[in-house]
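Trainee: Could we go through this structure together? I would like to begin with a helix contact.

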Amino acid sequence: MSAAAQRAPFSFAPPTGVGGSVSNAASRRRCARGDGLLSAEGRAVINQRMDGSFELFDHTADVGVIARAAELRGLVWPAAMGLYEVIGDVQAGGETNQREFHLAGEDAADMLRDFLAELLFEFEQHKRRLTHLYVEAFDEHRLDAIASLAIVDDQRSTYYREVKAVTYHELSIKQVPGGYEARYILDI
Amino acid sequence: MTDRYTGPLERVDATRWRIPKSYKPGMRVDGLIYANEVLIEAIKQDKSPEQVANVACLPGIVGHSLAMPDIHWGYGFCIGGVAATDPAAGGVISPGGVGYDINCGVRLIRTDLTIDDAEPKMTRLIDKLFETVPCGVGKSGRVKFDKKQMHRLMEEGSRFVVEKGYGWQSDIENTEGHGKLDGARPDQVSQRAYDRGATQCGTLGSGNHFLEVQVVEQIDDEQAASVLGLEKGAITVMIHSGSRGLGYQVCEDNLKELRDVPRKYGIDLPDKQLVCAPVHSPEGAKYLGAMRAAANFAWANRQIMTHLAREAFSDVFGKPAERLGMHLVYDVAHNIAKVEPYDVEGERRSLCVHRKGATRAFPPGHEELPDRYRSIGQPVLVPGDMARFSYVLVGQAASMEQTFGSCCHGAGRMMSRGAAIRASKGRSIRKELLERGVYARARGRTGLEEEQPDAYKDVVEVVGVLHESHISQKVAKLRPLGVIKG
């Protein structure tokens with residue numbers, strides 16, 4: 001963590017919606033996190049609170065995730081929590097760093113998938129998981145976010161399965177009564 | 001669980017069902033599914049036949065959009081799908097037709113050990129294999145390669161690691177394509193893929209990947225079994241794994257890069273996951289080069305695990321692997337795209353054959369087979385499930401006439417992972433396997449539950465369809481004794 005970040009107040013909040021298994025019919029989780037994130041430069045504390053939920057659905061050899069939120073940008077956090085739920089009970093350790101995401105495109109679902117693929121790479125290669133998220137903008141053309149990523153505590157984590165990829169198969173974001181719904185399928 | 005397929009399935013004969021190209025706009029050829037009456041009912045329970053129809057829309061597709069009897073719902077292509085395209089006629093290459101786990105495949109090692117030798121030591125043997133062969137989420141391999149070595153490994157495949165001491169020369173001869181695809185372009189592989197692969201060569205992974213110790217339960221073809229070095233009661237080792245994070249990253253990178261390419265070439269697709277590029281285009285060539293590099297990595301991966309398995313056997317049985325007769329019978333790829341020559345309508349054409357959960361099954365006499373197997377046909381390795389059987393078959397002539405030299409790759413899932421876990425509630429799958437004579441070790445918490453035998457079709461039915469179709473012929477049935485999983 002940078003010196004600036006160490007000086008600023010940083011509220012670490014272990015995410016909810018982590019743990020459980022695909023088997024749990026009630027694997028629908030409510031998540032309300034993403035608050036207390038520093039800007040990338042560590043200059044200010046940004047507060048963002050958005051409620052959302054996710055649930056897992058069956059796919060013959062793989063596993064699907066449905067994320068729901070009142071706002072489009074509120075989908076990003078529960079979609080990410082769905083990814084970790086499939087991997088296992090992934091516990092964050094101490095060391096944290098921040099990463100900015102600036103994704104551009106023509107399709108919100110593609111950009112959400114790209115973001116999730118980045119999180120998967122962070123987990124696979126650097127053993128880091130998302131702990132806080134500030135989504136500055138998310139629409140049809142861009143996804144701008146600041147993420148706080150913590151080193152995973154292997155001793156306290158339990159892994160269920162390796163996720164190979166976030167696929168494009170039946171990938172979608174649609175408006176539903178009360179907000180938005182994103183669907184994606186993970187290759188196991 | 002998932003939507004059922006409700007479209008047309010016309011019976012062609014005892015083992016084939018057609019989806020006519022009139023089913024949906026854009027289909028260029030018919031779909032053709034290999035199944036018997038029992039299997040076709042299971043196949044209709046998900047959308048995989050719809051995916052067969054979608055693949056039939058790919059530009060340049062030749063013959064039929066094919067599916068083997070182990071077909072199940074995949075992403076883009078179904079698992080168990082085979083599609084050949086003609087590059088000279090605008091045929092495309094689709095990363096979705098290969099899958100994320102490029103050159104996922106199976107290899108079989110024979111031994112001189114009998115069940116009487118092995119059974120008393122099975123627990124120790126499986127524990128030793130579990131300790132020796134890295135498996136599970138995030139496990140690094142014992143061997144690490146720098147970038148220069150990785151580049152060579154992706155060019156040379158099995159040979160590179162055998163020359164470093166991880167195997168025998170005969171392993172190379174008994175691997176499909178000598179453990180190497182020509183035309184690999186490691187320079188087209190991203191730094192991320194290099195990074196993910198550098199520490200993962202020689203690791204099993206997770207999901208349906210496994211290392212299994214088996215006994216030859218039954219011989220169906222004495223002559224072919226003798227050529228393959230298999231005898232009733234003998235111990236074998238089967239390894240199922242692929243290109244690990246390197247292959248996943250190659251697929252991920254190329255799917256992303258190809259996202260807008262269909263529009264560039266005026267290709268209309270029914271599913272985003274089918275993104276593709278003409279084989280003869282810069283984008284198609286780039287993917288092919290990177291895919292071949294990842295395929296070579298996968299062969300090196302299985303080769304290193306072969307070496308580790310030999311070490312474990314040697315330790316437990318107190319003899320060098322050579323004296324245990326641990327020769328590689330064969331290694332097959334089942335997620336791959338290859339350019340192969342076929343006779344189409346009386347003309348010799350080079351086709352790009354996608355095998356996504358399908359195994360090559362060349363017949364006797366085929367020039368690509370090692371000399372020792374040319375008289376019997378290519379060995380086809382078909383794993384079943386953890387408690388029932390796996391099969392060794394050999395390719396037959398009908399494979400060249402009907403399926404672009406292809407066969408099934410396994411039993412095929414019929415239960416989702418979630419359903420399998422729900423079905424395990426209150427049970428100990430490990431204990432149940434033990435009662436059926438199988439000692440299992442798994443790293444992941446839900447691995448055994450998700451991969452329990454009931455989650456799969458009966459491999460006997462699956463293999464029976466291809467035997468009856470003369471695509472391949474049964475040689476030996478293998479029964480599991482112990483298994484390690486990620």
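Trainee: Which residues of α4(B) meet α12(B)?

Mentor: On the α4(B) side they are Arg124(B), Leu125(B), Lys128(B), Leu129(B) and Thr132(B), and they meet Leu308(B), Ala309(B), Glu311(B), Ala312(B), Asp315(B) and Val316(B) of α12(B). Two residues are in contact if their C-beta atoms, placed from the backbone, lie within 7 Å. Helices (H or I, at least four residues) and strands (E, at least two) are DSSP runs, numbered from the N terminus.

Trainee: How do the residues of that contact divide by class?

Mentor: Six are nonpolar, one is polar and four are charged. Here Ala, Val, Leu, Ile, Met, Phe, Trp, Tyr, Cys and Pro count as nonpolar, Asp, Glu, Lys and Arg as charged, and the others, Gly among them, as polar.

Trainee: Before we continue, what kind of model is this?

Mentor: This is a predicted model, in which local features need pLDDT of at least 70 and side-chain atom pairs count only at pLDDT 80 or more, while totals for chains, interfaces and linings use all residues. Residues are numbered from 1 along each chain as its sequence is written, and chains are lettered from A and ligands numbered from 1 in the order in which they are written.

Trainee: At what angle do α4(B) and α12(B) pack?

Mentor: Helix α4 (residues 122-132) and helix α12 (residues 282-317) of chain B pack at about 140°, with their axes 9 Å apart. Axes are lines fitted to C-alpha atoms, for helices over the stretch in contact, and angles run from 0 to 180 degrees between N-to-C directions. The two helices α4(B) and α12(B) are therefore oblique to each other; angles under 35 degrees count as roughly parallel, over 145 as roughly antiparallel, 65 to 115 as roughly perpendicular and the rest as oblique.

Trainee: Which residues of α4(B) are buried?

Mentor: They are Leu125(B), Ile126(B), Leu129(B), Phe130(B) and Thr132(B). A residue is buried if 20 or more other C-beta atoms lie within 10 Å of its own, exposed if 12 or fewer, and partly exposed in between, with C-beta atoms placed from the backbone. The cover over these α4(B) residues includes α3 (115-118), β8 (210-219), α12, β18 (439-442) and β19 (472-485) of chain B.

Trainee: Now the sheet in chain B: what is its strand order?

Mentor: The order is β1-β2-β3-β4-β5-β13-β12 in an open sheet of seven strands with mixed pairing. Strands β1 (10-13) and β12 (335-344) of chain B are at the edges with a single partner strand each, so one side of each has no neighbour in the sheet. From one strand to the next, the twist averages 30°. Two strands pair if DSSP finds at least two bridges between them.

Trainee: How many bridges join β5 to β13 there?

Mentor: Five bridges join β5 (residues 77-85) to β13 (residues 347-356) of chain B, and the two run antiparallel. Thr85(B) has Cys352(B) as its bridge partner.

Trainee: Turning to chain A, is β8(A) mostly covered or mostly uncovered?

Mentor: Mostly covered: nine of the 11 residues of β8(A) (residues 128-138) are buried. Nine bridges link β8(A) to the antiparallel strand β9(A) (residues 142-152), and the two form a hairpin with three residues between them. Within this pair, Val135(A) stands opposite Ala145(A).

Trainee: Finally, how many residues does each chain give to the contact between A and B?

Mentor: Chain A gives 30 residues and chain B gives 41. On the chain A side, α3(A) gives the most, with five residues.
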